[in-house]
Amino acid sequence: MIYPYKHTEPMIHETAFVADNACITGDVTIGEYSSIWFSSVIRGDVAPVRIGKGVNIQDLSCLHQSPNRPLLIEDGVTVGHQVTLHSAVIRKHALIGMGSIILDEAEIGEGAFIGAGSLVPPGKKIPPFHLAFGRPAKVIRPLTDNDKQDMERIRKEYIEKGQYYKSLQKKD
C-alpha cells in the first residue's frame, strides 16, 4: 500500500520492486533497482526518508524518523529482515544484519557491517569497512575481503530477486 501524507506522495523509481503488502507513506524517495520486501513499513510522515539506488529493505523492517531528523540510506545498502531504522544515516554499501535497531543520529560508515541483533544507540558512529556487533554495538574488527565479497553477493542477489518479483507483478 502506498499512501500520501498531507499532500506528499512517495516517489518510487519505476525500476524499484515494492512488495504488495509493504506500506509506504509520505515523504519517501526510493531509487532505481531498490527493493522493499514483504510486510515492511516505511513512514515518511515526520521527516523525509531517502533511499538510494540498489538498496534492499528486507521483510518486516520498519523505517521511521524523529522531527527534523531524516532517515538517509545511500546506494547499495542491505537492510536485513526485521530491522528498525530511525532517523539514522546509513552510508553506501553497508549491511545491517537482521533484527538490528539503528537509532537517531547514528551513522553507519561506508561498507560497514552491523551484525544480526545489534543495537546502535543514538549518535553512535560506526567507521567504514568495519564489523560492529552487540547491544550496544561495539566495533569488533576491520572487514575481511571475504566479508566484503559476501556483502556484494547479497546485494546483487537482492537486485536480481527484486527484478524477478517485479516482473511477476506486471503480469497481473
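Ile12 sits across from Ile30, a residue of strand β4, in this predicted model. Strands here are DSSP runs of E at least two residues long, helices are runs of H or I with at least four, and both are numbered from the N terminus. Strand β2 (residues 11–12) runs parallel to β4, and two bridges join them; strands count as paired if DSSP finds at least two bridges between them. β4 (residues 23–30) also pairs with β1 (residues 2–3), again in the parallel sense and over two bridges, with Ile2 opposite Ile24.

As for the ground rules, residue numbers start from 1 along each chain as its sequence is written. Local features need pLDDT of at least 70 and side-chain atom pairs 80 or more, while totals for chains, interfaces and linings use all residues, and side-chain values use heavy atoms, leaving out hydrogens and water.

Next comes an open sheet of eight strands with mixed pairing, in the order β3-β5-β7-β10-β13-β16-β19-β20. β3 (17–18) and β20 (137–142) are at its edges with a single partner strand each, so one side of each has no neighbour in the sheet. Inside that order, β7 (residues 56–57) and β10 (residues 78–79) run parallel, joined by two bridges, and Asn56 stands opposite Thr78.

Thr78 turns up again in the lining of the largest pocket, along with residues including Gln58, His81, Phe113 and Tyr158. A pocket is an open set of points on a 1 Å grid over the protein atoms alone, where a 1.4 Å probe fits, with protein on both sides within 12 Å along at least five of seven lines; lining residues have an atom within 4 Å of a point. Its volume is about 180 Å³, counted as the space filled by probe spheres set on the points, which are joined across faces, edges and corners. β13 (95–96) and α1 (145–171) each supply at least two lining residues.

Tyr158 also belongs to an aromatic cluster with Phe17, Trp37, Phe38, Tyr164 and Tyr165, and Lys161 lies over its face, 5.6 Å from the ring centre. Such a charge needs NZ of Lys or CZ of Arg within 6 Å of the ring centre and within 35 degrees of the ring normal. Tyr164 and Tyr165 pair edge-to-face, at 5.5 Å centre to centre and 80° between the planes. Rings of Phe, Tyr and Trp (its six-membered ring) pair with centres within 6.5 Å; planes under 30 degrees apart are stacked, over 60 edge-to-face, the rest tilted.
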